[in-house]
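Here are my comments for you to read beside the model. Keep the viewer open and find each place as you go.

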Amino acid sequence: MCCCSSFFSYGKTSCPVGLSMLYLNRWKGPLWSDWTAQALSAYRFCIKMFNSHGRKQEVDYMSGKHSPRQTILIADDSEMNRSILTDMLGDEYEIMEAENGIEAVSILQKYGNSISLLLLDIVMPQMDGFGVLAVMNKNRWIEDIPVIMISAESASVHVERAYELGVTDFISRPFDALILHRRVVNTILLYAKQKRLIDMVADQIYEKEQQSSLMVDILSHIVEFRNGESGLHVLHIRTLTELLLKHLAQKDSRYQMPRSQMSLICTASALHDIGKIAVSSEILNKPGRLTEEEFATMKTHTLIGASMLEDLPVHQGEPLIKIAYEICRWHHERYDGRGYPDGLKGDDIPISAQIVALADVYDALTSERVYKKAFSHDTAVQMILEGQCGQFNPLLMECFKEVEGILEEELRTNTQAKANQRQMKNVTEELLRHEELSASERTLQLLEHERMKYSFFADMSQEIQFEYTAAPSMVTLSVYGAKKLGMEEIIMDPHNNEKVLEMLGRDNLNIITKALHNTTPEQPVIKQDHEIRINGQKRWMRTVGRAMWSADEPPRYMGAIGKTTDIHDERLRIDALVQMASHDPLTGLFNHNYARERIRERMELLPKGRFALAILDLDHFKDANDNYGHMFGDHVLIYMTEQLRRCIRSGDIAARVGGDEFLIFLEYKDNVVAAMDRIFHSLAGHYEDFKISVSMGVARTEIVGKDYDTLFHAADQALYAVKRAGRGQYRFYDDTMKEMLSVISPIDGSDDKFVSDR
Amino acid sequence: MTLKECYAALEGDYEGVIARLRSEKMVQKFVLKFLNDKSYELLETSLKEENYEEAFRAAHTIKGVCQNLNFTKLYESSSKLTESLRSGKGEETDELLEQVRKDYQQTADAIQAFGAEG
């Protein structure tokens, strides 16, 4: 049958990676000329496809005809039943197997139209045959993929239901091998024929549209040529018309129309001036002002254009002709009835003509003509808005105002895009000639190529990649992702799936879902950090997702794609850095900088609160260092810290300010003296032989206000006073200490620091 | 023992299956494969665990396979068992299960004898 099978029997393990390169090269052509001679006649290559259970499947592409061997998907939970069918059909068709409904759905999702037929059992675990049919209906796969149901369930309710859900045929067990085979072949042939016809029609329509738009372009260019207008005028009008039309439809539902209608108006807009063909070129190209008589002649181009269309011997009744007629005749009418030729008023002027009129005026103003220079964009906009070129529909004026900012850019890029489109078309034609492929088939192959590429990179990247479709609600995980999370690759209804909820947590799931729903087609990307449970361990992960919106108006939420990466280690490192930057390494207390920030925050948060800041200093600490060594000194400081922690409340702030200086900050209600007294006394004591005695200066916001530096300085001055008075006590700052020096922070440039026991 | 004799021993319809599947070789291959099918074990365990939904599917699969191979006797008893399990455990389930056990044993014995000679 197919030499593909012999290929595999020679080298089952080695469908080479290079094949995808060859595949690529086919599009480039000449590089692989060595191959060409033999290859052109009958070279084919095979792509191994693995379904989710790793059963090897093969699909081959004949290079000559590019007609892949057709694939049948068999969904049945009994291995026996599947292999009977495989035996009967495997010679002629590629077979893929699914052992339950979910697997079948996932294969359909993955391979889509490259599956030519589904043989479907009814009774299966996880999701039964009717479930599969329901999904196929929801996604409209049933329109493209024929289904033959094979079941021992021959009750007429089942048969009826199956036909209602769109199956092509229902075969009851036990089946006759010959009949089953014949029915399978017939169904596939029928659908293939239908598909070919659809492709042909689609190609013809495409061709026809291309041609008609080309003809319109040529025709209108002839008019412009006579007119001495820039060759871009028609393109500009089309771009402006499309822009205004879309914007108007968004703004007011009365102007919403199907896409096809919009595209007709845009195409027809190019014909607005065809009547000028009948106006003499002396008038058209007269540099100066027109006489009244000449202007009257000029005006006739509207009616002439209209009657040219009206008198067309063929194509009467075509919507394009009808719209072009409106535009030709009425694109010089004005909303207040002061235009020509018919003096129509308000919405009696068809919207197509109203829009083209505005587009025409704008482009005429901004372009150079024999009788005038080009105005700048801003001047043109101003002139239009001031009504210097006649009255337009107020709603249309609003649209104009809203889009005027992007007009220049749109005109430039869109004109370029049009040129590119032409180039594309040439390329397409080239391809068509060489590859003898229909556009639709080629698209399928490109898609297949993309799919290979995607799954290759997904496996390589070691990221959890996911795809979510809203209808049916289903998540597909990359192979790596599923393994890493210990979950199935396909998860139906994830919002109610216990494993998903356990892994992600309901809150995270809701946050992500909500964030995706709140995106817009313009800004569809979200980023979330969250802690999830993987194999029982909590880890920090970062999810970057992109919502998928439909192209409809208004756009519908279709689902999302994205990836989740493990940022746990990174996060821990950052946490550690934050800890390092804010804490004193020896005692684990806040450092001064960090404490300052916290204290400022606290005071701002509670503007009515009363606070006290104490600075304390270990008396004779230098002795501890000198007599017992620095290690001992460090132990004293750690001991001191423990005492300090014990006597403050959880909301208070304690920090190490410098060598043996500490800071305490607290909020108090009434008796701050008692509080400070308690702290002071609980710090006194012994560490081994070293007697711990503390000097402490306290400043209160009630006295000095809530500026941190002032508060700190005041406490410092109070501490100075204590040192002066002989240490081992505490004092509150009062005005008498105003002129005191400070222990820690000499200000006013004074170096005369109290050098006590440092 | 020929395939025909094997069918006689398990009380199946030899002529019927050859008429439908049209190849003695193919029938033989799947008859021999029958013993590898795990549905019978699944039926027993799921009934023991009182998982009647699973038991229904297992019985249904046995029925389907027997139907494919024209194992008439086992088909008939498994078919009845399937129906009695369709909506949970039925009154006659135990009795029908006994019959399926007997018929399955008979079928398995016949195939084993056939396989041993073939």
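1. N70(B) sits in the loop between α5 and α6 (72-85) of chain B. Its phi is near 55°, a positive value in a residue other than glycine. Please bear in mind that this is a predicted model.

2. Is N70(B) buried or exposed? Count the C-beta atoms around N70(B): there are 21 neighbours inside 10 Å. A residue is buried if 20 or more other C-beta atoms lie within 10 Å of its own. N70(B) therefore counts as buried.

3. Now look at E11(B). This residue lies in the loop between α1 (3-9) and α2 of chain B. Phi of E11(B) is near 55°, again a positive value in a residue other than glycine. The surroundings are described by another count. E11(B) has 16 C-beta neighbours inside 10 Å, so it counts as partly exposed.

4. Read from the N terminus on, its elements run α-α-α-α-α-α-α. Chain B has 118 residues, and 40% of them are buried. Take the contacts in chain B with a separation of 6 or more: residues 24 or more positions apart account for 54% of them.

5. Chain A has 758 residues, of which 31% count as buried. Its secondary structure comes to 27 helices and 21 strands. Among contacts in chain A with a separation of 6 or more, 58% are between residues 24 or more positions apart.

6. How many residues does each chain bring to the contact between them? Chain B gives 17 residues and chain A gives 15 residues. On the side of chain B that touches chain A, α2 (14-21), α3 (24-33) and α5 (52-69) each supply at least two residues. The largest share of that side comes from α5(B), with 8 residues. By class, the side of chain B that touches chain A holds 4 nonpolar, 7 polar and 6 charged residues.

7. Check two peptide bonds in chain A. The bond from R173(A) to P174(A) is cis, with omega near -10°. P174(A) is in the loop between β7 (169-172) and α8 (177-227) of chain A. A cis peptide bond also joins Y340(A) and P341(A), where omega is about 5°. Find P341(A) in the loop between α13 and α14 of chain A.

8. Next, helix α10 of chain A, residues 259-269. Which of its residues are buried? They are L264(A), I265(A), C266(A), A268(A) and S269(A).

9. Last, go to I218(A) in helix α8 of chain A. Why does I218(A) count as exposed? The reason is its count of C-beta neighbours: I218(A) has 10 inside 10 Å, and a residue is exposed if the count is 12 or fewer. Now find A270(A). I218(A) and A270(A) are 52 residues apart in sequence. In space, the two are 9.9 Å apart, C-alpha to C-alpha.

Methods
Residues are numbered from 1 along each chain as its sequence is written. Chains are lettered from A and ligands numbered from 1 in the order in which they are written. This is a predicted model: local features need pLDDT of at least 70, side-chain atom pairs count only at pLDDT 80 or more; totals for chains, interfaces and linings use all residues. Helices (H or I, at least four residues) and strands (E, at least two) are DSSP runs, numbered from the N terminus. Two residues are in contact if their C-beta atoms, placed from the backbone, lie within 7 Å. Ala, Val, Leu, Ile, Met, Phe, Trp, Tyr, Cys and Pro count as nonpolar, Asp, Glu, Lys and Arg as charged, and the others, Gly among them, as polar.
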